Amino acid sequence: MRKTSALLAAAGIVAATAAMPVAANAATPEPAAAVPAASAAVPAFDYRDCPQLPAGVDPAEWRCEVLVAEGTATIGGAVLPFDFTAVTHAEGPMPDGTPGQVFGGFRAARLPVPGGQSGDGHGPKLWIQPHLTAAPDFYSQTGAMSLTFQLTGPRLGRGCSIGTDAAPVQVAAARVPGSTNWLSQDPPIITFQVLDQTFSAPEVSGCGRAAGELNRRLGLPSPSGSNRLSATAFYSFRTYDQL
């Protein structure tokens, strides 16, 4: 059997997906164990970023995989929301039989940072949006992503962020044991919880005179062991002959 789904392996989801079918017409396995479903609503999976396949491969043996995750990153004393609306890549066998992968895209919502409301109570003054700085290697890494968190709001320039392209925040979110749950076999949908309590966060960059205020508000810099990222993730895929 082909190597377990690379995207799930990257998030530490090896045990629950080892029997996942390669193609849509393969035998559909039963869930390995009954785990209570996550409370979050099942998202709609967006396949617009499915990448072009390498030359000479079989579309029926390649699948476009989409991961959606929503949660919070607690950095210092601040609880910051995030919403990965689509992390997309393709994987399958190359013409010589070796495993292949092609990164598709990363989409994340721009969300309000709690607190710091304007004087009349209408709308937040600060928003946060994650950006991926490098294509993840879903075969060799374990939930590792290089991210910057763009901050926007009054008096902030376009380059204000936590982490930079040259020195991003390194997040490695692993599956929480026992949290994996098959929600559907057709289409295949799996949900699980992820957690990282090891990442560090630097001071803000490119924020001008607001840097000191932002660092105080967000508790930056914040060393490894002081931060926590947790999320509910959902995963699905389609083979390329189904797209």
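1. Confidence of the model. The mean pLDDT of this predicted protein model is 82, and 79% of the residues reach 70 or more, pLDDT being the predictor's confidence in each residue on a scale from 0 to 100. Over residues 1-38 the pLDDT falls below 50, although this stretch has 95 contacts in the model beyond near neighbours in sequence, a contact meaning heavy atoms within 4.5 Å. Residues 117-121 also have a pLDDT below 50, and for this stretch 5 contacts beyond near neighbours in sequence are found in the model. Where pLDDT is low, the predicted coordinates should not be read in detail.

2. Basis of the values. Residues are numbered from 1 along each chain as its sequence is written, and side-chain values use heavy atoms, with hydrogens and water left out. As this is a predicted model, local features need a pLDDT of at least 70 and side-chain atom pairs count only at pLDDT 80 or more, whereas totals for chains, interfaces and linings use all residues.

3. Overall make-up. The protein has 2 helices and 13 strands, taken as DSSP runs numbered from the N terminus (helices H or I, at least four residues; strands E, at least two). Among contacts between residues at least 6 apart in sequence, 66% join residues at least 24 apart.

4. Surface and burial. Of the 243 residues, 49% are buried, where buried means under 20% relative accessible area, exposed over 50%, and partly exposed in between (1.4 Å probe, protein chains only). The protein exposes about 11,400 Å², of which carbon and sulfur atoms supply 53%; accessible areas come from the Shrake-Rupley method with a 1.4 Å probe, and for residues only the protein chains shown count as cover.

5. The disulfide of C50 and C64. The count of disulfides comes to 2, a disulfide being a pair of cysteine sulfur atoms within 2.5 Å. One of them joins C50 to C64, with an S to S distance of 2.0 Å, and because the torsion about its S-S bond is about -95 degrees, this disulfide is left-handed. C50 lies in the loop between helix 1 (6-10) and strand 1 (63-75), while C64 lies in strand 1, so the pair ties together parts that are 14 residues apart in sequence. Both C50 and C64 are buried.

6. The disulfide of C160 and C207. The sulfur atoms of C160 and C207 are 2.0 Å apart and form a disulfide, and with 90 degrees about the S-S bond this link is right-handed. C160 lies in the loop between strand 6 (144-152) and strand 7 (161-162), and C207 in the loop between strand 12 (204-205) and helix 2 (211-218), so the pair ties together parts that are 47 residues apart in sequence. C160 and C207 are buried. When the bonded cysteines of the protein are numbered in sequence order, the pairing reads 1-2, 3-4.

7. S230 in strand 13. S230 is found in strand 13 (residues 228-239) and counts as buried because its relative accessibility is 18%. Its side chain is joined to that of R228 by a polar contact of 3.2 Å, that is, a pair of N or O atoms within 3.5 Å of which, within protein, one must be able to donate a hydrogen and the other to accept it, residues adjacent in sequence counting only if both atoms are side-chain atoms. Leaving aside residues up to four places away in sequence, S230 touches G71, T72, F82, V194 and L195.

8. N181 in strand 10. N181 is found in strand 10 (residues 181-185) and is buried, with a relative accessible area of 10%. N181 and F192 are 11 residues apart in sequence, and their C-alpha atoms are 6.3 Å apart in space.
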